[in-house]
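Thanks for coming, everyone. I have one structure to walk through today. Here it is.

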Amino acid sequence: MFPMRFWLALLAGVLVIFGAAFHAVEGKPRRILLDTDVDTDDFFALLYLLKLNRSEFHLEGITINVNAWTDAGHAVNQVYDILYMMGRDDIAVGVGGEGGILQNGTILPNVGGYLPIIEQGMTTAGGCRYRQAIPIGLGGRLDIDTNFGIRKAFLPQGKRKYSPLHQPTAQQVLIEKISAGPITVIMIGAHTNLAIFLMSNPHLKKNVEQIYIMGGGVRSGNPTGCCPKNVSSSCITRQCGDRGNLFTDFNANPYAEFNIFGDPFAAYQVIHSGIPVTLVPLDATNTIPINEAFFTEFEKSQDTYEAQYCFKSLKMARDTWFDNQFYTSYFMWDSFTCGVAVSIMRNSNKHKGENEFAEMEYMNITVVTSNKPYGISDGSNPFFDGLKVPKFNLKKGGVHSGHVQQGLRDPFCFVKDGKGKCQDGYTAEVNGPDSVKVLVATKAKPNRDVRSPLDREYFISFLNVLNQPQYAGRFNFTTEFPYYKEETYKPDFGNKTLGKPVVFDMDMSAGDFLALFYLLKVPVEVINLKGIIVSPTGWANAATIDVIYDLLHMMGRDDIPVGLGDVFAMNQSDPIFPPVGDCNYAKAIPHGNGGLLDSDTLYGLARHLPRSPRRYTAENSLKFGAPRDTNHPELRQSLAMEIWESILQTTEPESKITVLTNGPLTNLAKVVSMKNISSRIREVYVVGGHISRNALDKGNVFSVPSNQYAEFNMFLDPFAAKTVFQSEVNITLIPLSIQHKASSFSNILCWLHKIKKTPEAVFTKRLLSRLYRLKQIHHRYQHMDTFLGEILGAVLLADSPSNLNAKFEVKSVKVLAEGDESTDGKFVVDEEYGKLVRVLKHVDAKTYHEMYAKRLGDRSQSAKVGSFEEQKRKWSHPHDTS
């Protein structure tokens with residue numbers, strides 16, 4: 001039986017439909033395209049739009065902004081899952097693209113938007129000039145990518161997913177939908193996608209009827225970071241009263257708002273495009289905080305799956321908030337913008353932006369893209385510096401020609417004893433030729449019903465729309481299946497004598513997962529895999545830890561603990577605000593094809609793995625330094641060093657641990673620096689590094705042309721590598737040269753064709769076949785051999801070297817780490833100051849391929865559940881209780 005508020009919502013929905021039908025008599029529904037960075041408040045906005053009457057408003061396309069709060073692979077699959085829940089698999093979703101921008105400003109097709117326009121070259125690898133203002137780990141992209149751990153627990157998984165070279169790009173969706181006729185664009189992230197579209201397709205501008213933007217701050221005064229009245233003099237104000245909301249960077253730039261700061265030049269292009277623009281800036285959103293009264297009413301109003309998903313997300317955002325000011329610091333940014341946009345469109349016969357939810361005013365504004373004085377050349381502005389003709393033929397000495405902010409601690413931006421002076425991304429109110437007349441929301445309207453506990457008119461609409469039964473979500477992850485049952489698999493080793501204890505430190509590249517399969521197949525009498533440590537400083541983002549949990553569940557090893565390591569390489573986190581930092585080394589990893597996008601989705605195959613009940617969650621407790629206990633602190637994600645301590649406590653004191661590292665040495669550098677742990681390590685197998693024999697013997701950091709001799713794992717954290725190779729631990733090095741010699745896609749696939757078809761062998765063959773095929777057909781995948789070589793360490797560690805005809809030599813080596821990207825991560829042989837290391841110099845490649853394949857085809861220690869499809873079949877029928 002549905003509660004009374006459900007039927008009230010139904011009545012309200014009928015009235016809305018009736019009104020909408022009357023409004024739409026003269027024509028078709030208004031076509032809408034949403035450009036989003038898929039932050040928490042973004043999917044509030046998306047779900048609000050999806051619940052509107054489709055005879056009045058028709059959401060036709062979604063493009064994902066991927067240089068802000070989320071990462072492409074995680075974001076696109078979350079959008080697909082939301083649409084599946086809502087029965088809207090018809091909506092086109094575009095993300096990424098491999099196009100580039102030439103030095104002369106020529107924009108090639110399908111620029112992916114992974115980088116701000118000022119940083120965009122010919123690849124998707126690059127720096128984080130603006131994005132470094134966004135935290136990477138807890139409270140940042142990790143929590144948004146996973147939606148605090150709620151995403152995998154709640155959203156159902158449909159058939160649509162990211163797949164390499166088959167995923168529609170952002171530009172393809174923009175061109176398709178805007179070419180089809182008049183359309184309204186709503187922007188709730190950075191503006192890179194639309195700016196690239198407008199600059200490349202000026203002939204299609206006429207089809208964009210209106211652009212609605214959440215972003216900027218014109219006359220705003222930030223209400224957060226203020227000292228309460230009557231507080232002691234020890235209180236220090238932070239961004240109180242600032243125009244912007246960059247809580248990580250207000251000392252350098254107190255003017256910008258995150259969405260505009262993500263790509264100021266792109267925002268300038270959009271706002272100056274000549275298309276009518278309505279701006280919903282911080283001026284308005286600061287007046288609609290999610291207060292306690294709204295939170296309480298929302299908690300009572302969860303009659304649909306979409307309302308439940310939104311509330312669960314909002315509650316976790318509140319429960320993990322970094323201070324006690326959530327109710328005055330978290331606002332209805334993006335969904336409020338959508339409400340204003342929809343209400344204005346409903347009142348399109350009026351011409352001053354009249355709507356139900358916000359007060360409006362026309363203002364003359366611009367977007368600041370560089371700082372005065374203009375016309376300088378100080379190395380900060382790639383549009384001008386070193387170019388005879390400025391990029392895009394920009395005007396010399398014009399508004400784009402000044403100093404462009406270079407990161408969080410740009411010395412140019414600081415004023416002694418005062419707020420920062422950089423204004424990049426500021427939506428400034430100006431007059432003159434560079435101003436644009438824009439309709440601006442200035443304030444959220446109060447609730448007309450003064451008896452209501454909700455003090456804003458939009459609050460009523462948001463809860464009614466989300467809870468109305470029309471177009472409601474069909475099911476969540478568990479209710480989709482009539483016989484869903486959560487199971488965990490923990491082996492009983494009985495009287496078996498367990499083998500040598502091993503810790504696997506991985507950065508979640510494709511090769512690491514292939515190596516993990518192998519380690520799990522080795523008899524436990526030979527290897528006792530005690531734990532997995534994740535280094536999110538390499539080829540995958542931190543949220544990809546969930547793929548590890550799924551693989552372990554598949555193999556029946558839910559008992560193996562997984563620890564999350566540091567999200568920054570050594571010396572890269574900000575010394576003032578550690579959740580943010582630089583990307584001097586991480587910038588070498590492509591964001592798109594062949595890089596993070598593919599690793600985060602395991603090349604489109606991760607969703608074929610069975611779904612584990614274990615996953616990353618943002619649950620936390622006071623015990624571990626959180627500001628408060630969440631509801632389920634027992635689900636908290638363990639950190640790397642906590643797992644290490646636990647392993648030592650559960651391992652016999654006389655037992656020593658063998659470590660296999662398949663990524664940057666970020667975590668291991670901390671371990672070897674702690675005597676109580678390093679003394680318990682027997683040996684470390686390091687997969688990586690390159691010892692060059694001559695000038696032609698190059699490394700593999702293809703995205704940093706100045707660095708010719710480093711190998712990726714060492715380059716991605718050279719200071720950590722230097723620390724490890726200066727330590728006292730015994731090291732066996734499996735260098736790049738031997739990885740290359742032992743790697744052959746055709747040979748290993750040949751062996752996988754011959755063996756028994758265990759689920760793990762089938763998945764491995766499928767992944768390797770995909771990597772091989774991609775390498776053959778697209779230039780972005782030429783480095784796939786790198787991942788194939790990463791399997792070698794696991795095989796060498798697990799099996800007798802004599803079986804592989806392995807031969808070693810001892811070399812005295814050291815790692816260069818001086819802050820010079822042209823040499824950092826390079827190995828040099830130094831007989832006087834280097835560390836003696838055992839180096840693998842030969843292995844029988846044919847035997848290696850045979851051993852790997854046969855191990856995966858062995859029926860012992862095989863998968864407990866083979867795939868997500870197998871789980872779905874099981875959950876769709878009564879469980880066998882015999």
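Which residues is asparagine 65 in contact with, leaving aside its neighbours within four places in sequence? They are Asp35, Thr36, Asp37, Thr70, Gly189, Ala190, Thr192 and Asn193. Contact here means heavy atoms within 4.5 Å.

Some ground rules. This is a predicted model, where local features need pLDDT of at least 70, side-chain atom pairs count only at pLDDT 80 or more, and totals for chains, interfaces and linings use all residues. Residues are numbered from 1 along each chain as its sequence is written, and side-chain values use heavy atoms, with hydrogens and water left out.

Back to asparagine 65. The residue is in the loop between strand 2 (57-64) and helix 3 (72-85). Helices (H or I, at least four residues) and strands (E, at least two) are DSSP runs, numbered from the N terminus. Asparagine 65 counts as buried because its relative accessibility is 0%. The cut-offs: buried is under 20% relative accessible area, exposed is over 50%, partly exposed is in between, with a 1.4 Å probe and protein chains only. Its side chain makes a polar contact with the side chain of asparagine 67, at 2.8 Å. The side chain of asparagine 65 also reaches the backbone nitrogen of alanine 190, at 3.4 Å. A polar contact is a pair of N or O atoms within 3.5 Å; within protein, one must be able to donate a hydrogen and the other to accept it, and residues adjacent in sequence count only if both atoms are side-chain atoms.

Next, isoleucine 186. It sits in strand 4 (residues 183-188).

Now the disulfides. How many does the structure hold? There are 3. The criterion is a pair of cysteine sulfur atoms within 2.5 Å.

Cysteine 128 and cysteine 583 form one, with sulfurs 2.2 Å apart. Cysteine 128 lies in the loop between strand 3 (92-95) and helix 4 (141-145), and cysteine 583 in the loop between strand 12 (562-564) and helix 18 (596-600), so the pair ties together parts 455 residues apart in sequence. The link is left-handed, with -120° about the S-S bond.

Cysteine 226 and cysteine 240 form another, at 2.0 Å. That link is right-handed, at 95°. Cysteine 226 is partly exposed, at 32%.

Cysteine 413 and cysteine 422 also pair, at 2.0 Å. Their link is left-handed, at -70°. Cysteine 310 is in no disulfide; the nearest cysteine sulfur, that of cysteine 338, is 12 Å away.
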